[in-house]
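Here is a brief structural report. It starts with the chain as a whole and then turns to single residues.

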Amino acid sequence: MLTVNGAGNTTVWLDDTASTIARAGTLSYDGSTYGTFSGFGMGSGVSVKFQGLTALNLLFNAKNNTLNLTGAPDCLVNLYLGAGQNQINVGDANHSLNNMVGSLGVIGSGNDTLTVTDIAGTAGKTGSLSGTTLSGLGMGGSITYSQLAT
């Protein structure tokens with residue numbers, strides 16, 4: 001495990017653009033301190049744990065990758081999706097959008113899908129949706145997106 005303890009002005013870039021196969025991974029948040037990025041060929045039990053970042057930037061390869069976000073800490077997470085048909089899933093049956101403390105930027109290639117669910121949420125919520133931004137719904141930040149298929 002790699003642990004990055006930022007000082008509030010730290011940006012981390014993780015680059016998978018040289019990979020020649022599709023990858024899958026997870027970005028999670030422990031609810032108090034650390035975000036964790038795992039998968040994407042790093043091996044079983046290997047992950048990047050981080051806190052105190054200004055931004056975490058993930059660069060995807062040109063294959064059909066999948067990233068499941070079950071939470072994000074208080075920083076900006078940017079996803080630069082490669083030319084494949086990538087699938088980004090935010091929230092799931094066990095993790096509500098309340099776990100999205102920070103903001104998420106999804107920059108697609110025109111072939112990508114972003115799915116956002118709050119099925120795990122237990123209370124009514126309000127939000128705002130535009131052609132480029134989703135906010136509210138219990139999230140601490142917002143989700144901005146561009147160049148997605150859906």
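The sections below cover the basis of the model, the overall fold, and selected positions.

## Basis of the model

This is a predicted model, in which local features need pLDDT of at least 70, side-chain atom pairs count only at pLDDT 80 or more, and totals for chains, interfaces and linings use all residues. Residues are numbered from 1 along each chain as its sequence is written, and side-chain values use heavy atoms, with hydrogens and water left out.

## Overall architecture

The protein chain has 11 strands and 0 helices. From the N terminus, its elements read β-β-β-β-β-β-β-β-β-β-β. The radius of gyration is 14 Å, close to the 15 Å that the globule rule gives for 150 residues, so the chain is as compact as a globular protein of that length. Helices (H or I, at least four residues) and strands (E, at least two) are DSSP runs, numbered from the N terminus. The radius of gyration is taken over C-alpha atoms, and the globule rule is 2.2 Å times the number of residues to the power 0.38.

Along the principal axes, the C-alpha atoms fill a box of roughly 40 × 35 × 30 Å. Among contacts between residues at least 6 apart in sequence, 62% join residues at least 24 apart. Contact here means heavy atoms within 4.5 Å.

## Surface and charge

Of the 150 residues in the protein chain, 37% are buried. Buried means under 20% relative accessible area, exposed means over 50%, and partly exposed lies in between (1.4 Å probe, protein chains only). The accessible surface comes to about 7100 Å². Carbon and sulfur atoms hold 50% of that surface. Accessible areas come from the Shrake-Rupley method with a 1.4 Å probe; for residues, only the protein chains shown count as cover.

The chain carries 4 positive and 7 negative side chains. The centres of the two sets lie 6 Å apart. Lys and Arg count as positive and Asp and Glu as negative, while His and the chain ends are not counted. Each charge is placed at NZ of Lys, CZ of Arg, CG of Asp or CD of Glu.

## N61, a buried loop residue

N61 sits in the loop between β4 (47-59) and β5 (66-69). Its relative accessibility is 1%, so N61 counts as buried. A polar atom of the N61 side chain lies 2.8 Å from the backbone oxygen of I21. The side chain of N61 also makes a polar contact with the side chain of N65, at 2.7 Å. A polar contact is a pair of N or O atoms within 3.5 Å; within protein, one must be able to donate a hydrogen and the other to accept it, and residues adjacent in sequence count only if both atoms are side-chain atoms.

Setting aside neighbours within four places in sequence, N61 contacts D16, T17, S19, I21, R23, G82 and A83.

T3 is partly exposed at 37% relative accessibility. A7 is exposed, with a relative accessible area of 67%.

Leaving aside neighbours within four places in sequence, T3 is in contact with Y34 and K49. T3 and T17 are 14 residues apart in sequence, and their C-alpha atoms are 22 Å apart in space. A7 and G52 are 45 residues apart along the chain, with their C-alpha atoms separated by 5.4 Å.

Which phi does F40 have, although it is not a glycine? The value is positive, about 50°. F40 lies in the loop between β3 (35-39) and β4. At 9% relative accessibility, F40 counts as buried.

Q147, a residue other than glycine, has a positive phi near 55°. Q147 is in strand β11 (residues 142-148). With 52% relative accessibility, Q147 counts as exposed.

S96 occupies the loop between β7 (87-90) and β8 (103-116). Its relative accessibility of 14% makes S96 buried. Beyond neighbours within four places in sequence, S96 contacts D118, A120, G121 and K125.

S135 is in strand β10 (residues 133-136). It counts as partly exposed at 24% relative accessibility. Not counting residues up to four places away in sequence, S135 touches G127, S128 and S142. S135 and A22 are 113 residues apart in sequence and 30 Å apart in space, C-alpha to C-alpha.
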